[in-house]
Amino acid sequence: MKFSKSEVIAAMEETGMIPVFNHSDIAVAKDVLDASYKAGVRVFEFTNRGENALEVFKELKSHASQYEGLILGIGTIFTPKQVEEFLAAGADFVVSPALIPNVIVTCSKADVLWIPGCGTVTEIFNAKEMGAEVVKAFPGNVLGPSFVSAVKAVLPEIKIMPTGGVEPTEENLSTWFGAGVTCVGMGSQLFNKEWIKQKQFDALEKQISQALGIIETIRNSK
């Protein structure tokens, strides 16, 4: 099932969080995806890192087909060739660490949602002019929530997703959502490496569920 750009954005807004994950072992990737979906995740970003990322993604996409409404995208995309390969493998959206024009052109031709990484107001404005509906504030740990607040003051309509520096705590998430983010991307802070190594996927599911619950509470209190 191919999801439209509006469906992907709606799902991102609804849950407020996109797990960002990569692993070279398909069995581990499947277990993490399972735990994420059970916890309430509906948009998941697998990152293009490692020599076998495409092969793992293909198997993960097939595995994900059992889950109704699960949107699976690919991150860390730098070239049109990578876009084409992962779209052929079934990617529902594409995320880049930077604003890369030829990646944007390739995604636009395929009518797939593309999310560029931006670190300045100029980049975000240029992304918007190119048709971006969502931008990735990256690296989030360098930019911080105050950057998001400043951007939203002059470009209030832009949807911003910070990645990097986002933690699954009430204090951290309150700061980001208070700044006006649409959703957050969360990787290493969400996926405890020791839990994954020890196959403690129930603990992982619990943490993800708690993070989603915190986001829901924050939004409802506004």
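Contact means heavy atoms within 4.5 Å. The model is predicted: local features need pLDDT of at least 70, side-chain atom pairs count only at pLDDT 80 or more, and totals for chains, interfaces and linings use all residues. Residues are numbered from 1 along each chain as its sequence is written, and side-chain values use heavy atoms, with hydrogens and water left out.

**View 1. Surroundings of V184.** V184 is in contact with G16, M17, I18, M161, P162, V166, L173, W176, F177 and I215, leaving aside neighbours within four places in sequence.

**View 2. The largest nonpolar core.** A nonpolar core is a set of buried (under 20% relative accessible area, 1.4 Å probe, protein chains only) Ala, Val, Leu, Ile, Met, Phe, Trp, Tyr and Cys residues joined through side-chain atoms within 4.5 Å. The largest has 67 residues; M17, V32, V184, F191 and I208 touch the most other members. Helix α2 (residues 26-39) gives the most to this core, eight residues. Another core lies apart from it, with 15 residues, including F3, V8, V43 and I115.

**View 3. Helices α4 and α5.** Helices are DSSP runs of H or I, at least four residues, and strands are runs of E, at least two, numbered from the N terminus. The axes of α4 (residues 80-88) and α5 (residues 101-109), lines fitted to C-alpha atoms over the stretch in contact, come within 8 Å and cross at roughly 30°. The two helices are therefore roughly parallel, a term for angles under 35 degrees. P80, V83 and E84 in α4 meet N102, V103, T106 and C107 in α5.

**View 4. A137 in strand β7.** A137 sits in β7 (residues 134-137). A137 counts as buried, at 2% relative accessibility. Beyond four places in sequence, A137 touches C118, L143, F147, I160, M161, P162 and T163.

Note on methods: Axes fitted to C-alpha atoms, helices over the stretch in contact; angles between N-to-C directions. Parallel < 35°, antiparallel > 145°, perpendicular 65-115°, else oblique. Buried < 20%, exposed > 50% of the residue type's maximum accessible area, 1.4 Å probe, protein only.
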